[in-house]
Amino acid sequence: MSKLFEFSGDLSFCLGGSIYPNPKDSSHFLSLCHHADIYLPPRKRSRIEAPLLFSEEIFEEQLPASIEVLPDECLFEVFRHLPGGEERSICACVSKKWLMLLSSIHGDEICTKKATQSLENSSPSKPGETLACNTKDGLVGSNDNKVEAEAVDREIESDGYLSRCLEGKKATDIRLAAIAIGTGHRGGLGKLSIRGSHSSSGVTNLSLRAIARCCPSLRVLSLWNVSSVGDEGLYEIAKGCPLLEKLDLCQCPDISDKALLAIAKNCPNLTALTIESCSNIGNGSLQAVGSYCRNLTSVSIKKCSLIGDQGIASLLSSASCSLTTLKLQALTISDVSLAVIGHYGKAVTDLVFCGLENVSERGFWVMGNGQGLQKLRSITITSCQGVTDVGLEAVGKGCPNLKKFCLRKCAFLTDNGLVAFAKAAVSLESLQLEECHRITQCGFFGVLVNCGGKLKALGLANCLGFKDLVFRFPLMACCTSLHTLSIHNCPGFGNFGLTMVGKLCPQLQHVDLNGLNGITDEGLLPLIENCEAGLSKVSLSGCVNLTDKVVSVIAKLHGITLEELNLDGCKYVTDSSLVAVAENCSFLRELDVSKSAISDFGVAALACAAKLNLQILSLSGCSFISDKSFPYLMKLGRTLVGLNIQNCSAISSSMVDLLVERLWRCDILS
């Protein structure tokens, strides 16, 4: 066989002798013939399947090198020694594995310069040897000033200036982990909102743990309709975010009292708590919050079936209770809860009750007579059948500092109860009534007469009990304090009512009459003429029977003070009204003449006004305005910031394009 290897002759495939200095190396390119003990030279080059490396005169297979072969423990150690947040963000972009591993590193586990310096002091280093530290400045020695500067930088980074909101399909664990890594060195995450999440691929406890470990500066957390987040995720937030101040939970069925207990114990700065439609949160949560959260000032609870009188009582009666705002909506609480509020709510300034079906007249009566709501300034009651004349009068007497009262959908309140409340609530400044159908003209005017001289705003909306009946009403005293009157969609409120308002309220400045089909010039003119202080805001939207006569009087009598005028839907208003406005209303800023009878001439009158500086003009639905108004709109556009020309059928698309192009500072709706 040795002779065979030494053979080289004329029959060799490689003329001129062997190409290998060592003939034995040729075996790598010789094929072994089956069933034979001899080597035959190959007819063509062998096909190579794997990369080969020539080393020590032989070819060896090279394995691909990758950091991915390192175990997670090694990667974890490498990542926690990265110089700064920017480097960690770059590494997080490599793969999902690196992202999730980086997001699992707690802030205390990151190797800081201070820790490295202590290691340097404990172990002597050789002369000329430098010490590498994981700071964003690179190599640092034992300079104390640099250490202090780094500490200041880290403090600034964790102040929590940034806000992030994830909605729908964007709310995933990967995206939330990326936020946790990326916000750390850009000011710190201060506010996080997650609204909606896919049940299978959405946000879970894993990503909340990443937020807890990477964002200790978090102060506001909102979770809405996040069904895959449970107690474990919120428990991580409680441990990692001790600065949490506001927590909002809505439709989170897997969160229970255990999570709220952890929040209460670990987040002493909690000031606001909102819970809505969380089926597993009950009385224990409120008891824990009342016991541990001494800074809690606002609580809102809605549609939580497990929360009852015991939870409300434990929250209000705790020694550390400093609640100023309390909102209870669609709960199964009874009169007991209102009695507790009336007795222990000494710091409460704002109350909201909505849909409390089990609360009766007795509950409101006891709350008013509890003498604990001395600081109450605002109360809103909606859809509570227990609001009656007796209960409302007791509330008025028991809340001497009440300034704002809003009542919606209370079917059992009558004129007698409303007038009695107005007499008792001596500090009342604002009264809003909506869908209270037993209130009539007698109750309305009774409030104006008996309001105590402090009522500043009065509003009615969708009250169907009004009928425009002419009757003698003793004018005992004028309500000179009333500045704002708002009446929306009360079809029975007519000319006689407006005439009486004009006599009783001479200091009106804001008049908002919306959808009053029954009023005409005859009823509105006395009110306008009796306003001694000067009207600044007038809205007559949907008052279809008003004409140019009313607008002309408004412009002449109140042109010096008028700032906003809304004539939307006043179909009998024509160019004459705009001429009067142009001549008299030099301080007018907003004008709405949508769906009226004005034409190009009226727009020209506005454009030619010497002192008019309109900022918002609405011409929506004005079919008589055409392309002829283009030069006048261009002239008005010098001061306009908003222009509405929607549904103007006579205006061409080319004119709209020109307006958009030239009035680039104006927001145009077309």
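This is a predicted model: local features need pLDDT of at least 70, side-chain atom pairs count only at pLDDT 80 or more; totals for chains, interfaces and linings use all residues.
A helix here is a DSSP run of at least four residues, numbered from the N terminus.

An α-helix has 3.6 residues a turn, so residues three or four places apart point the same way. The side chains of K397 and E393 meet in a salt bridge, with 3.4 Å from N to O. How exposed are the two partners? K397 has a relative accessible area of 55% and is exposed, while E393, at 28%, counts as partly exposed.

Side chains of opposite charge can pair when their charged atoms come close. The structure holds 7 salt bridges, and two others are worth a visit. One of them joins E429 and K403, at 3.6 Å from N to O. E429 lies in the loop between helix 16 (415-424) and strand 17 (430-434), and K403 in the loop between helix 15 and strand 16 (404-408), so this pair ties together parts that are 26 residues apart in sequence. E429 is partly exposed, with 25% relative accessibility, and K403 is partly exposed too, with 23%.

Another salt bridge brings together the side chains of K302 and E276, 3.9 Å apart from N to O. This pair links distant parts of the chain, since K302 belongs to strand 12 and E276 to strand 11 (residues 272-276), 26 residues apart. With relative accessible areas of 25% for K302 and 24% for E276, K302 counts as partly exposed, and so does E276.

Step along to K303 and you reach the loop between strand 12 (298-302) and helix 12 (309-317). What can be said about the phi of K303? The value is positive, near 55°, in a residue other than glycine. K303 is partly exposed, at 48% relative accessible area. N225 also has a positive phi, of about 55°, although N225 is not a glycine. You can find N225 in the loop between strand 9 (220-224) and helix 9 (231-240), where its relative accessibility of 39% makes it partly exposed.

Now let us look at some buried places. S193 is found in strand 8, which runs over residues 189-195. Is S193 buried or exposed? Buried means under 20% relative accessible area, and S193 has 6%, so S193 is buried. Leaving aside residues up to four places away in sequence, S193 touches R164, C165, L166 and S222.

A pair of aromatic rings is described by the distance of the centres and the angle of the planes. The count comes to 6 aromatic pairs. Among them, F444 and F493 form an edge-to-face pair, 5.5 Å centre to centre with 85° between the planes. This pair links distant parts of the chain: F444 is in helix 17 (residues 441-450) and F493 in the loop between strand 19 (484-488) and helix 18 (495-504), 49 residues apart. Relative accessibility is 3% for F444, which counts as buried, and 0% for F493, also buried. F493 has another partner, F466, in a tilted pair with 5.7 Å between centres and 55° between planes. Here F466 comes from the loop between strand 18 (457-461) and strand 19, 27 residues from F493. Both F466 and F493 are buried. Ring pairs link F444, F445, F466 and F493 into a cluster.

Among the buried ones are V550, V551, I554 and H558. What covers them? The cover over the buried residues of helix 20 includes helix 19 (521-529), strand 21 (537-539), strand 22 (564-566) and helix 21 (575-584).

Finally, consider the empty space inside. Rolling a probe the size of a water molecule over the atoms shows where empty space is left.

Methods: Residues are numbered from 1 along each chain as its sequence is written. Side-chain values use heavy atoms; hydrogens and water are left out. Helices (H or I, at least four residues) and strands (E, at least two) are DSSP runs, numbered from the N terminus. Buried means under 20% relative accessible area, exposed over 50%, partly exposed in between (1.4 Å probe, protein chains only). Contact means heavy atoms within 4.5 Å. A salt bridge is a side-chain nitrogen of Lys or Arg within 4 Å of a carboxyl oxygen of Asp or Glu. Rings of Phe, Tyr and Trp (its six-membered ring) pair if their centres lie within 6.5 Å; planes under 30 degrees apart count as stacked, over 60 as edge-to-face and the rest as tilted.
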